Amino acid sequence: MKSLKNKIVKEGKVLSNTVLKVDSFLNHQIDPPLMKEIGDEFAVRFADAGITKILSIESSGIAPAMMAGLNLGVPVVFARKRKSVTLKDNLFTSSVHSFTKNETNDISVSKEFIDEDDVVLIIDDFLANGQAVLGLTDILDQAGAKLAGVGIVIEKGFQSGGKMIRNSGIRVESLAIISSLQNGNIEFFEEVTVS
Ligand code: G4P
């Protein structure tokens, strides 16, 4: 997606050979018109998939997921990482280890909001090692829901998550795939669509 790549080049800050900071439009301040464009692009790519629900994970997955849900006319559920006063029982839970942050979070989704009739699109902001996506697919398996695919705003193609998830037969649509952050330069792979 050209406008997204332009934004990444213009505003992204390379913090190391593996970490890109995009706090000005995705992870802290949010750019609503860009999020709308991102949501519309996911909606186009998954238009024929029969999506009934979008599943994301707090916090930065929520904005792009919301915009896709608005376009597709389906509800958006986000997995919670923290315990909630109102969300204690009747939960699907999974454990997600972050290699980037070196921490493990239990994520939860209420059984009220996903069931075996759902066809679900997972949306997240970053795909690095794929652990968040694995946790979300585990929750869908527990619910007996069907996974239609995964929509990612920025995939770090030099890390293992994208390959692992595609190799398991899951459709992954990433709007920008970074091939390298070496020496402070942001480089992209050409867009690929793998079904
Ligand atoms: P994985 O799910 O693909 O295995 O990712 P990983 O554990 O490596 O990433 C953990 C957190 O770090 C996630 O955010 C992810 O979005 C974020 N992250 C990973 N690599 C980058 C990067 O290069 N740049 C930025 N900006 N973020 C990165 P999170 O903890 O869920 O945070 P948030 O959603 O609450 O913002």
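How much space lies in the largest pocket? About 900 Å³ of space lies there, a volume being the space filled by probe spheres set on grid points that are joined across faces, edges and corners. The model is predicted: local features need pLDDT of at least 70, side-chain atom pairs count only at pLDDT 80 or more, and totals for chains, interfaces and linings use all residues. Residues are numbered from 1 along each chain as its sequence is written, and side-chain values use heavy atoms, with hydrogens and water left out.

A pocket is an open set of points on a 1 Å grid over the protein atoms alone, with protein on both sides within 12 Å along at least five of seven lines; lining residues have an atom within 4 Å of a point. The largest pocket has 33 lining residues, and Lys81, Ser98, Lys101, Asp125 and Phe126 lie nearest its centre. Strand 7 contributes the most to this lining, four residues (strands are DSSP runs of E, at least two residues, numbered from the N terminus).

The ligand sits in the largest pocket, meaning that more than half of its atoms lie within 2 Å of the grid points. Around the ligand are 21 residues, the closest being Leu20, Ser60, Lys81, Thr100 and Lys101; such residues have a heavy atom within 4 Å of the ligand.

Polar contacts are pairs of N or O atoms within 3.5 Å. A polar side-chain atom of Ser98 lies 3.0 Å from a ligand oxygen atom.

Definitions and conventions:
A polar contact is a pair of N or O atoms within 3.5 Å; within protein, one must be able to donate a hydrogen and the other to accept it, and residues adjacent in sequence count only if both atoms are side-chain atoms. On a 1 Å grid over the protein atoms alone, a cavity is a set of points where a 1.4 Å probe fits but cannot get out, and a pocket is an open set with protein on both sides within 12 Å along at least five of seven lines; lining residues have an atom within 4 Å of a point.
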